Amino acid sequence: MQTILRIGTRGSPLAMAQAHETRERLMAAHGLPAAAFEVIAISTSGDRIQDRPLSEAGGKGLFTKEIEEALFAGRIDVAVHSSKDMPTKLPDGLELSAFLPREDARDAFVGKVAKTIADLPQGMKVGSSSLRRQALIRRMRPDLDVVMFRGNVQTRLRKLEEGVAAGTILAYAGLKRLGLEHFVTDLMPLDIFPPAPGQGAIGIETRIGDREAERMLAAIHHVPTGQALACERAFLAALDGSCRTPIAGYAAIEAGELAFRGLIISPDGTQSHTVELQGPAEEAVRIGDEAARTVRAKAGETFFDGWL
């Protein structure tokens, strides 16, 4: 059968799992065989740069740049991303057209020396490449040695086995999608260890005006996830959030009502400010934007000085 839709993604095992989930949902929604959807793996700068933090190399856009170039050029029709890797400002001509139902947004601790962060002996190394996770770990346990941990999920688990660190924190959603949840020794509560905006959600990007791609994706778009992500991305955008800013945000929707909780925290974990807002789900963007302005006013304009 002729390919109807070409799906672009990063080449990591998790990215491929997310692309195949997208394909399976499209197959079910439209009654089409797998051959109708070609999955194309694209190497990104973020995958290739392993020797330094992304914040020093150019930010989270490094995971999307080459995929978006392929989308612009027409080599692919849709791009599948981990939503938390998406910059808040997309290139002109591209848009996020659909979100799949969100997985569990919590972070998971994988420990080799102890099952929880609280039980780790003093001075132990904990690996993470996320400034948000690093800051939250330092807030919980200032005595721990937080070290840089780059690479895909399997690489980080291997580093743990090699003794590079006594534990690491990974997105629970990613571990579940890879069938690796048995490695989890503790799940971090959302109120104590809030997730990154977009965590656990798969976002699908298209060219603006591609009506056929939009039509096919409309059948698998999950409206509540889209509303939650609109709120979280508005919060991040209003704070100029990037890989250089430890920011957390999570929106939950129930019976048409959206409840959002956001956090900004200094990289050393010693200062933090939270905000909570509620409102109609259809006002998701307004709620996210208002939450950002509220927490910025609470923290003061100098809070971000020196580390934005």
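Helix H8 (residues 211-218) lies across E1, E2, E3, E4 and E10, running at about 155° to E10. Contact here means heavy atoms within 4.5 Å, and helices (H or I, at least four residues) and strands (E, at least two) are DSSP runs numbered from the N terminus. Angles run from 0 to 180 degrees between N-to-C directions, with axes fitted to C-alpha atoms, for helices over the stretch in contact. The model is a predicted one: local features need pLDDT of at least 70, side-chain atom pairs count only at pLDDT 80 or more, and totals for chains, interfaces and linings use all residues. Residues are numbered from 1 along each chain as its sequence is written, and side-chain values use heavy atoms, leaving out hydrogens and water.

As for the sheet itself, its 5 strands form an open, mixed arrangement in the order E2-E1-E3-E10-E4; strands pair if DSSP finds at least two bridges between them. Strand E2 (37-41) and strand E4 (94-99) sit at the edges with a single partner strand each, so one side of each has no neighbour in the sheet. On average, neighbouring strands are turned by 30° against each other, direction ignored. E1 (residues 5-9) and E3 (residues 78-82) run parallel, paired over 2 bridges, and Ile7 stands opposite Val78 in E3. Helix H1 (residues 13-30) also lies across this sheet, over E1, E2, E3 and E10 (202-207), at about 170° to E2.

Then there is a helix pair: H9 (residues 223-238) and H10 (residues 284-299) pack at about 35°, their axes 7 Å apart.
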